[in-house]
Amino acid sequence: INNSWYVELLQKLIPDGRLSHWRGDRDNLYGNILIPDKIRQEDDSDYGGMISVGNSEIGMRQLYGTPSVFRSICMNGCIWDQEIGHTLKVRHVGNIDLKDLALRMKENLNAQIPLLDVNIDRMLSTRNRTTGGVDMKNIFAAICKDFGTSKSENAGILKAFAVEQDILNGQANTAFGVTQALTRYGQELDNESWVRFDELGGRMVTLSDQKWGAIVKRAESYNKEDLEKILGLPALSVSI
């Protein structure tokens, strides 16, 4: 699937879209398309809907398009999985009917765009998921264990959280603050890791209240040895 064909079709389907985080090279595309009429102003930043897109002419990744949410103060992204959004993925295998693919893309976008307002509301609602006073390093240990992040990544995540603490003025100790730390850290990484951390942000937001409560409860049980084993010494040395 030719990159120029994909980009030109996206331009037709989203004529007022704005490019963000456009990465990659002539062979591989990574990026987001902001939807202008899905931008909302909140106290700390503007929030809005976007479509995370990608393709590779040489078959390194699938053609990809899925709903996402951005936060303009830092342009953190939050990519939703198939349970919440309508993801389009097409493998570069066999003869591809481009006319049929274009129709599928149009139908996919028509299904995704109405979900963006819901997704923004859902992300903002994570501000209400508090930690009950449990230390944030314990919270991150529980989450990082679930997500399988490395110890070097854990240190980067906690450094990103320290930035969020300054931005959110005491309101970072929530699932919202954790989500923003994950997606902020992802912006420092290579393309594939960046997308992965945006997807982890999406997983954070789609947690049920019950699962968030279980994370907090498990985090509360961790001792110093547990934190060192899970997070690693570089992460424990980060001041938050």
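A residue is called buried when its relative accessible area is under 20%, exposed when it is over 50%, and partly exposed in between (1.4 Å probe, protein chains only). The model is predicted: local features need pLDDT of at least 70, side-chain atom pairs count only at pLDDT 80 or more, and totals for chains, interfaces and linings use all residues. Residues are numbered from 1 along each chain as its sequence is written, and side-chain values use heavy atoms, with hydrogens and water left out.

The tour follows salt bridges, each defined as a side-chain nitrogen of Lys or Arg within 4 Å of a carboxyl oxygen of Asp or Glu. By this rule there are 8 salt bridges. Helices (H or I, at least four residues) and strands (E, at least two) are DSSP runs, numbered from the N terminus.

Select E153 and R196. Their side chains form a salt bridge at 2.8 Å, N to O. E153 belongs to helix α5 and R196 to helix α7 (residues 191-205), so the pair ties together parts 43 residues apart in sequence. E153 is buried at 13% relative accessibility, while R196 is partly exposed at 28%.

Next, select E164 and R71, whose side chains meet in a salt bridge (3.0 Å, N to O). This pair links helix α5 (residues 151-168), which holds E164, to strand β4 (residues 63-71), which holds R71; the two residues are 93 apart. E164 is buried, with a relative accessible area of 0%, and R71 is buried at 1%.

Then select D209 and R129, joined by a salt bridge of 3.0 Å, N to O. D209 is exposed at 58% relative accessibility, whereas R129 is buried at 13%.

Finally, select K38, R40, D117 and D121, which are linked in a network of salt bridges.
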